[in-house]
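Student: I would like to learn how to read a protein structure, one feature at a time. Could you take me through this one?

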Amino acid sequence: FIVFMIYTRFFKKQDLVRPKIGDIVESIYGLGTVSPDSVFRVRAGVSLTVRKLFVKEGDLVHMNDPLVQLDESIMRSPIDGTVTAVSTKLGELITPQVAIVTVTNLNRLYLEVSLEQQSVLRIKKDQDVVISFESLREEKYQGKVFSIYPRDNQFIVRIELPQWPHGVLPGMTADVAILIGKKTNVLMIPLKSIVSGKVIRYRQGRKETLPVQLGVVDSE
């Protein structure tokens, strides 16, 4: 009995939490993949032979620089960028529609996030985004939602950054938090205190179970 009374008086009281007044931000979280905005791939419409290669992987090229000679035709780059793939060798016979040389503009990047339907319905163009790269956890970068679109039964959110950290390349990933709601000077209670849409309130010695309507919700 004594142990029970001690538990009731002291430990149970620790479960009581006073509501707080403050600011709260609601976010949708996802994993973003860095993608290039400008990519050019040399392809042939018919079978041709590689007569000359002007570039190798890692080379920087400018617009109109020669990339590869196929029989009598010289293919040139229509963009500035870096050669990110050379999938052929001198003298090789190229089959139609195979990418021979790939040039990627590494200075024009964006983040691509795939989200579930319920989350995408709450996202709009120009919403603010906070981005964190795995190797740069102490740094937070700002971005904005640029567009939302479907692709192969997925729902894609494109995010653009005004400033990218040095060294970020296509294929790298980042944690993103899309800010969908913010309220200031509001009454806040812990999310864990809500069970089946109700909370238990203690006021003036009385215990009541009350329904609550949720507004902005964060992780806490």
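Student: Which residue in the turn of the hairpin formed by strand 15 and strand 16 has a positive phi?

Tutor: Please keep in mind that this is a predicted model. The residue is Gln204, with a positive phi of about 55 degrees, and it sits in the turn of a hairpin in which two residues lie between strand 15 and strand 16.

Student: What is the order of the strands in the open sheet of four strands?

Tutor: The order is 2-9-7-4, and the pairing is antiparallel. At the edges you find strand 2 (39–41) and strand 4 (60–61), each of which pairs on one side only. Strand 2 pairs with strand 9 (residues 101–104) in the antiparallel sense over three bridges, and there the bridge partner of Arg41 is Thr102 in strand 9.

Student: Which strands pair with strand 1?

Tutor: Among its partners is strand 14 (residues 173–188), which pairs with strand 1 (residues 20–36) in the antiparallel sense over 13 bridges; along this pairing, Gly30 stands opposite Val176 in strand 14. Strand 1 also pairs with strand 10 (residues 109–115), again in the antiparallel sense, over five bridges, and here Pro36 has Leu109 of strand 10 as its bridge partner.

Student: How should I read aromatic pairs, and how many does a search of the whole structure find?

Tutor: A pair of aromatic rings is described by two values, the distance of the centres and the angle of the planes. In the whole structure, the search finds two aromatic pairs. The ring centres of Phe133 and Tyr141 are 6.1 Å apart and their planes stand at 75 degrees, so this pair is edge-to-face. The pair of Phe133 and Trp164 is tilted, with 6.3 Å from centre to centre and 50 degrees between the planes. This second pair links distant parts of the chain, since Phe133 belongs to strand 11 (residues 128–133) while Trp164 lies in the loop between strand 13 (154–160) and strand 14, 31 residues apart. Through these ring pairs, Phe133, Tyr141 and Trp164 are linked into a cluster.

Student: Is Phe133 buried or exposed, and why?

Tutor: Phe133 counts as buried because its relative accessibility is 3%, and the cut-off for buried is under 20%. Tyr141 is buried as well.

Student: Which charged residues lie over the face of a ring?

Tutor: Lys125 lies over the face of Phe146, at 4.4 Å from the ring centre, and Arg158 lies over the face of Tyr110, at 3.9 Å from the ring centre.

Student: Which residues have the most contacts inside the largest nonpolar core?

Tutor: They are Leu111, Leu115, Ile123, Ile131, Ile159 and Ile178, in a core of 21 residues. Strand 1, strand 10, strand 11, strand 12 (141–151), strand 13 and strand 14 each supply at least two residues of this core. As a worked case, take Ile123: leaving aside neighbours within four places in sequence, Ile123 is in contact with Ile28, Leu115, Val145, Ile148, Val157, Ile178 and Ile180. Apart from this core lies another, of 15 residues, among them Val42, Leu48, Val68 and Ile100.

Conventions:
Residues are numbered from 1 along each chain as its sequence is written. This is a predicted model: local features need pLDDT of at least 70, side-chain atom pairs count only at pLDDT 80 or more; totals for chains, interfaces and linings use all residues. Side-chain values use heavy atoms; hydrogens and water are left out. Two strands pair if DSSP finds at least two bridges between them. Rings of Phe, Tyr and Trp (its six-membered ring) pair if their centres lie within 6.5 Å; planes under 30 degrees apart count as stacked, over 60 as edge-to-face and the rest as tilted. Buried means under 20% relative accessible area, exposed over 50%, partly exposed in between (1.4 Å probe, protein chains only). A charge sits over a ring if NZ of Lys or CZ of Arg is within 6 Å of the ring centre and within 35 degrees of the ring normal. A nonpolar core is a set of buried Ala, Val, Leu, Ile, Met, Phe, Trp, Tyr and Cys residues joined through side-chain atoms within 4.5 Å. Contact means heavy atoms within 4.5 Å.
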